Amino acid sequence: MAQKKSKAIFAVLATLAVLMMVAFSVFIAEAMPIMAILSVVLFIAIFGIGFTLKKRYRENGWL
């Protein structure tokens, strides 16, 4: 059986995703549409990285 890996990266990714949601709200309130779009793109990228990493962890038995 493979050795278990640290799951702290998932907490970091979750925190970054929440920060992107907060940033989106702030940018909408401040009427900054380009930054709002950028924060949504980063949010989607962070979520994608998280799901990809979780799949890799599951396939390798690290969870």
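Trainee: What separates Phe43 and Phe47 in helix H2?

Mentor: Phe43 and Phe47 lie 4 residues apart in helix H2, and therefore about one helical turn separates them. A helix here is a DSSP run of H or I with at least four residues, a strand is a run of E with at least two, and both are numbered from the N terminus. The model is predicted: local features need pLDDT of at least 70 and side-chain atom pairs count only at pLDDT 80 or more, while totals for chains, interfaces and linings use all residues. Residues are numbered from 1 along each chain as its sequence is written, and side-chain values use heavy atoms, with hydrogens and water left out.

Trainee: How many aromatic pairs are there?

Mentor: The count is 4 aromatic pairs. Rings of Phe, Tyr and Trp (its six-membered ring) pair if their centres lie within 6.5 Å; planes under 30 degrees apart are stacked, over 60 edge-to-face, and the rest tilted.

Trainee: Why is the pair of Phe43 and Phe47 called tilted?

Mentor: The ring centres of Phe43 and Phe47 are 4.9 Å apart and the planes stand at 40 degrees, so the pair is tilted.

Trainee: What makes the pair of Phe47 and Phe51 edge-to-face?

Mentor: For Phe47 and Phe51 the planes stand at 75 degrees with the centres 5.7 Å apart, so this pair is edge-to-face. Phe47 and Phe51 are also 4 residues apart in helix H2, about one helical turn.

Trainee: Are Phe47 and Phe51 buried or exposed?

Mentor: Phe47 has a relative accessibility of 40% and counts as partly exposed, whereas Phe51, with 56%, is exposed. The cut-offs are under 20% relative accessible area for buried and over 50% for exposed, with partly exposed in between (1.4 Å probe, protein chains only).

Trainee: Which residues do ring pairs link into a cluster?

Mentor: Phe10, Tyr57 and Trp62 form a cluster linked by ring pairs.

Trainee: How do you know that the charged end of Lys5 sits over the ring of Trp62?

Mentor: The rule asks for NZ of Lys or CZ of Arg within 6 Å of the ring centre and within 35 degrees of the ring normal. The charged end of Lys5 is 4.5 Å from the centre of the Trp62 ring and sits over that ring.

Trainee: Why are H1 and H2 called roughly antiparallel?

Mentor: The axes of H1 (residues 8-29) and H2 (residues 33-60) come within 8 Å and cross at roughly 165 degrees. Axes are lines fitted to C-alpha atoms, for helices over the stretch in contact, and angles run from 0 to 180 degrees between N-to-C directions. Angles under 35 degrees are roughly parallel, over 145 roughly antiparallel, 65 to 115 roughly perpendicular, and the rest oblique. H1 and H2 are therefore roughly antiparallel.

Trainee: What residues make up the contact of H1 with H2?

Mentor: The contact of H1 with H2 comprises 21 nonpolar, 2 polar and 1 charged residues. Here Ala, Val, Leu, Ile, Met, Phe, Trp, Tyr, Cys and Pro are nonpolar, Asp, Glu, Lys and Arg charged, and the others, Gly among them, polar.

Trainee: What C-alpha distances separate Phe24 from Leu38 and Leu42 from Ala17?

Mentor: Phe24 and Leu38, 14 residues apart along the chain, have C-alpha atoms 8.5 Å apart. For Leu42 and Ala17, 25 residues apart along the chain, the C-alpha separation is 8.2 Å.

Trainee: Where is Ala31 found, and why does Ala31 count as exposed?

Mentor: Ala31 is in the loop between H1 and H2. Its relative accessibility is 64%, so Ala31 counts as exposed. Phi of Ala31 is near 60 degrees, a positive value in a residue other than glycine.
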